[in-house]
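Here is a short tour of charged side chains that pair up, written for reading alongside the model. Have the structure open and follow the residues as they come up.

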Amino acid sequence: MKRFILSGFILLGLACSGRSFEVPAVSGKPQPSQPAPLPEPQEGELRADGDTERTYALITACGYNYETPDASNDHAAEPFQHIRQSWDETLQRYVFDFYIHIDIDDDRGKPNITDRQRNEIKTDGHSPASMVGQEGDTMVFRWKFRLPEGMLTTQQFCHVHQIKGIDNAAGTADVSMPVITFTARTLSNGKRQLQVIYVPPTSEGGGNRYLARADLEEFLGRWVEAEECIECGAEGSYRLSVRRLSDGRELLSVPRTALAMWRDGTTGMRPKWGIYRSFGKAGALKPDLRDEVLRFADFEVGKQAQ
């Protein structure tokens with residue numbers, strides 16, 4: 001990450017058919033062959049290392065944080081680790097598995113939120129300064145992800161990536177809505193898309209602006225690699241490229257586009273990854289959804305040298 005500014009922060013670690021699934025067996029040794037050694041860690045990088053029991057410790061040691069429903073509802077009696085690691089045959093390395101259970105999981109155990117569920121990692125106010133965007137910064141995010149074959153969606157939201165502002169101590173920042181989302185959704189005509197959505201500041205009326213859309217089927221069961229660049233500011237910009245690894249085809253593209261990439265009162269801009277989806281009021285959409293496992297790998301967050 002030659003373009004990223006490195007600081008003195010030292011990382012402590014490096015890194016379905018039907019409605020349900022079984023947790024795959026996880027071994028401490030690579031399967032089936034010994035992987036190449038991981039590169040020396042740099043600030044902002046998060047790579048799976050195969051030690052699934054210490055996944056959360058790895059996430060926080062690398063400057064990230066997590067929001068998981070490990071003790072939600074039926075999990076209260078026997079907590080379930082919602083972010084695990086497994087060996088991926090395609091990438092020939094360990095990756096992160098993000099689990100979500102449609103009939104159990106909720107949104108961080110908050111009793112007033114009863115229509116959605118979340119399992120995500122993010123950067124936040126506890127992350128190193130190089131991993132949180134401030135006004136005038138240019139942030140670059142890179143990662144790989146694989147949506148599961150047969151993944152189910154509805155006309156409501158299912159975000160697999162977000163860019164949001166961090167609230168201030170008074171709780172008054174304009175951060176109730178994400179600035180950017182990658183949203184898997186079923187359209188009214190039955191077609192399904194992965195959408196890149198921008199939400200303007202509340203002072204400009206909010207609402208969704210679609211920056212790019214692609215057939216969701218092009219992503220299912222296949223690894224893709226994303227590179228995203230944001231210029232943080234009221235007169236900022238956004239750029240994106242998502243390519244499928246198997247053939248190099250660019251599935252989503254947003255050329256550098258002038259957008260307001262800052263929010264009033266926020267203390268910084270940050271990324272989130274995982275799954276955050278609606279299951280409808282009183283669970284009305286649960287019959288249309290199922291348990292899912294989304295795979296992610298090779299997260300990189302940093303600031304572009306000025």
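R256 is exposed, at 60% relative accessibility; exposed means over 50% relative accessible area, buried under 20%, and partly exposed in between, with a 1.4 Å probe and protein chains only. R256 sits in strand 13 (residues 250-259) and E231 in strand 11 (residues 223-231), so the bridge ties together parts 25 residues apart in sequence. Strands here are DSSP runs (E, at least two residues), numbered from the N terminus.

This is a predicted model, in which local features need pLDDT of at least 70 and side-chain atom pairs count only at pLDDT 80 or more, while totals for chains, interfaces and linings use all residues. Residues are numbered from 1 along each chain as its sequence is written, and side-chain values use heavy atoms, leaving out hydrogens and water.

The structure holds 30 salt bridges. Here are some of them:

| Pair | Closest N and O atoms |
|---|---|
| D298 and R93 | 2.3 Å |
| R244 and D247 | 2.7 Å |

D298 lies in strand 15 (residues 292-303) and R93 in strand 4 (residues 93-100), so this pair links parts 205 residues apart in sequence. D298 is buried at 6%, whereas R93 is partly exposed at 29%. Both belong to a network of salt bridges that also includes E45, R47 and E300.

As for the other pair, R244 is buried at 5% and D247 is partly exposed at 47%.

Definitions and conventions
Salt bridge = Lys/Arg side-chain N within 4 Å of Asp/Glu carboxyl O. Helix = DSSP H or I, 4+ residues; strand = E, 2+ residues; numbered from the N terminus.
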